[in-house]
Amino acid sequence: MRTRVPLSTIAALATSILCGCQTMGPATDLHAPTSAEIAALQTGITLSFIDPGSTQVAAYTNVGVIAVDGAPVKVICLLANAKNRMGGYTGMKVTKFFMSLDDRFLFAEDFMTKVCDSLGLAYPA
């Protein structure tokens, strides 16, 4: 049976992160991504990037569980290059993808990437 995350919970997490008023605890339960987590990441790329088919992934992190305003969520960071609205590549950028504890994509953001360093994002030379 699937557990549904209330839309209000997703909206509250997204609002708090976008306005910069969230608190994030240290990452725990670090592990290599499972196939379900990779599927959630692929959903996140499809929903978040302008041209998901152009995405060139350079690296991604382990998955960690963090507390965002007290609510536990999974996070994985991705270092990738993708095309923008003009059709040109933007250059390598780090994006955080948040997912529920049952591996459903919640939202992505590409700022405040300090948490990505704690997850072990290896930047290619």
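**Exercise 1. Which strands each supply at least two residues of the lining of the largest pocket?**

Solution. The model is predicted, so local features need pLDDT of at least 70 and side-chain atom pairs count only at pLDDT 80 or more, while totals for chains, interfaces and linings use all residues. Residues are numbered from 1 along each chain as its sequence is written, and side-chain values use heavy atoms, with hydrogens and water left out.

Step 1. Helices (H or I, at least four residues) and strands (E, at least two) are DSSP runs, numbered from the N terminus. A pocket is found on a 1 Å grid over the protein atoms alone, as an open set of points where a 1.4 Å probe fits, with protein on both sides within 12 Å along at least five of seven lines; lining residues have an atom within 4 Å of a point. Grid points are joined across faces, edges and corners, and a volume is the space filled by probe spheres set on the points.

Step 2. The largest pocket has a volume of about 340 Å³. Its lining consists of 16 residues, of which S48, F49, K93, T95 and D110 are the closest to the centre.

Step 3. The strands asked for are β4, β5 and β6. The largest share of the lining, four residues, belongs to β4.

**Exercise 2. Describe the order of the elements in the protein and the share of residues that count as buried.**

Solution. Step 1. The protein has three helices and six strands. Read from the N terminus, the elements follow the order α-β-α-β-β-β-β-β-α.

Step 1. Buried means under 20% relative accessible area, exposed over 50%, and partly exposed in between (1.4 Å probe, protein chains only). By this rule 37% of the 125 residues count as buried.

Step 2. A contact means heavy atoms within 4.5 Å. Among contacts with a separation of 6 or more, 59% join residues 24 or more positions apart.

**Exercise 3. Locate the disulfide and state which elements it joins.**

Solution. Step 1. A disulfide is a covalent bond between the sulfur atoms of two cysteines. Here it is identified as a pair of cysteine sulfur atoms within 2.5 Å, and the count comes to one.

Step 1. The pair is C77 and C116, with sulfur atoms 2.0 Å apart. The link of C77 and C116 is left-handed, with -80° about the S-S bond.

Step 2. C77 belongs to strand β4 (residues 71–83) and C116 to helix α3 (residues 114–118), so the pair ties together parts that are 39 residues apart in sequence. Both C77 and C116 are buried.

**Exercise 4. Examine the surroundings of T61, which touches both C77 and C116.**

Solution. Step 1. T61 is in the loop between β2 (51–60) and β3 (63–68). Is T61 buried or exposed? T61 is buried, because its relative accessible area is 2%.

Step 1. Not counting residues up to four places away in sequence, T61 touches P33, I76, C77, C116, L119, G120 and L121.

Step 2. A polar atom of the T61 side chain lies 3.0 Å from the backbone nitrogen of C77.

**Exercise 5. Identify the nonpolar cores and the elements that build the largest one.**

Solution. Step 1. A nonpolar core is a set of buried Ala, Val, Leu, Ile, Met, Phe, Trp, Tyr and Cys residues joined through side-chain atoms within 4.5 Å.

Step 1. The largest core has 15 residues, and those with the most contacts inside it are I66, V73, V94, F98, C116 and L121. At least two of its residues come from each of β3, β4, β5 (93–99), β6 (105–109) and α3. Strand β4 gives the largest share, four residues.

Step 2. A second, separate core has 12 residues, including A40, L41, L78 and F97.

Methods. Polar contact = N/O pair within 3.5 Å; in protein donor to acceptor, adjacent residues only side chain to side chain.
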